[in-house]
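Please keep the sequence and the structure at hand while reading.

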Amino acid sequence: MITFDHVTKMYSSNVGLDDVSVKIDKGEFVFLVGPSGAGKSTFIKLMLKDIDVDSGEIYVGDYHVNKLSNRLIPQYRRKVGTVFQDFKLLPKKTAYENIAFAMEVLHKPAKQIRKQVPQILSLVGIADKADKYPSELAGGEQQRVAIARAIVNNPHVLIADEPTGNLDPATAWGIMDLLNQINLRGTTVLMVTHAKDIVNNMDKRIIAIDKGRVIHDSKEAYEGPMEEEDLVKGGGYE
């Protein structure tokens, strides 16, 4: 599903990724962790074709990502749903309209939108919030709308970039339960996080990057640095 084959990306003299080789199978749930500046954002940007590799090959599904023409990039990105820490919802659209918009830009039929959006709202547990604007929703509810928008077009892969970063612990675990449900439906999930307690309590594969290199890749608990503070204090997620 996702293959990085000896991928290197440099920013002048700074290392983004250094000869990284990783394979993530279809249907896996994988955590991508490491301290700030380790290479996590570079990994995601390369996957989304926001930036290009210096060397190596990237494959996602049937797409040879670093060989994609500009014409095919939008088509490819429709296969990859993305959820961010700050939700990125359209403030003047309701929850329903935010999700519907993701289908409208792909010119999906109105009948399909009317059928599918309520189903997705129900799946993420906010069917009763369809007519609410983002400002009327709690943080966890806004994140559920963002997740619904990311999966409404049935992507092959869901990238969750710090999806619990702005949430209290109880709400964060609710989001993790939802992401797990989505994964169990067959979607490959790649989650970037600093939340050590979540990472080490979910029995999922953990890929840790530091200084652009993969330093850990297993389901075993990861005790290395996940935040800049960890490098100094050796602390964990609080």
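Helix H5 and helix H6 (residues 169–184) pack with their axes 10 Å apart and at an angle of about 15°, where helices (H or I, at least four residues) and strands (E, at least two) are DSSP runs numbered from the N terminus. The axes are lines fitted to C-alpha atoms, for helices over the stretch in contact, and the angles run from 0 to 180 degrees between N-to-C directions. The model is a predicted one, in which local features need pLDDT of at least 70 and side-chain atom pairs count only at pLDDT 80 or more, while totals for chains, interfaces and linings use all residues. Residues are numbered from 1 along each chain as its sequence is written, and side-chain values use heavy atoms, with hydrogens and water left out.

H5 and H6 are therefore roughly parallel to each other, a term for angles under 35 degrees. Gly140, Gln143, Arg144, Ile147 and Ile151 of H5 meet Thr171, Gly174, Ile175, Leu178, Leu179 and Ile182 of H6, contact meaning heavy atoms within 4.5 Å. By class, this contact has 6 nonpolar, 4 polar and 1 charged residues; Ala, Val, Leu, Ile, Met, Phe, Trp, Tyr, Cys and Pro count as nonpolar, Asp, Glu, Lys and Arg as charged, and the others, Gly among them, as polar.

H5 also packs with H3, and the two pairs are set out below.

| Pair | Angle | Distance between axes |
|---|---|---|
| H3 (residues 95–104) and H5 (residues 139–151) | about 25° | 8 Å |
| H5 and H6 (residues 169–184) | about 15° | 10 Å |

H3 and H5 are likewise roughly parallel to each other. Ala95, Asn98, Ile99 and Ala102 in H3 meet Val145, Ala148 and Arg149 in H5, and the residues of this contact divide into 5 nonpolar, 1 polar and 1 charged.

Technical notes
Angles under 35 degrees count as roughly parallel, over 145 as roughly antiparallel, 65 to 115 as roughly perpendicular and the rest as oblique.
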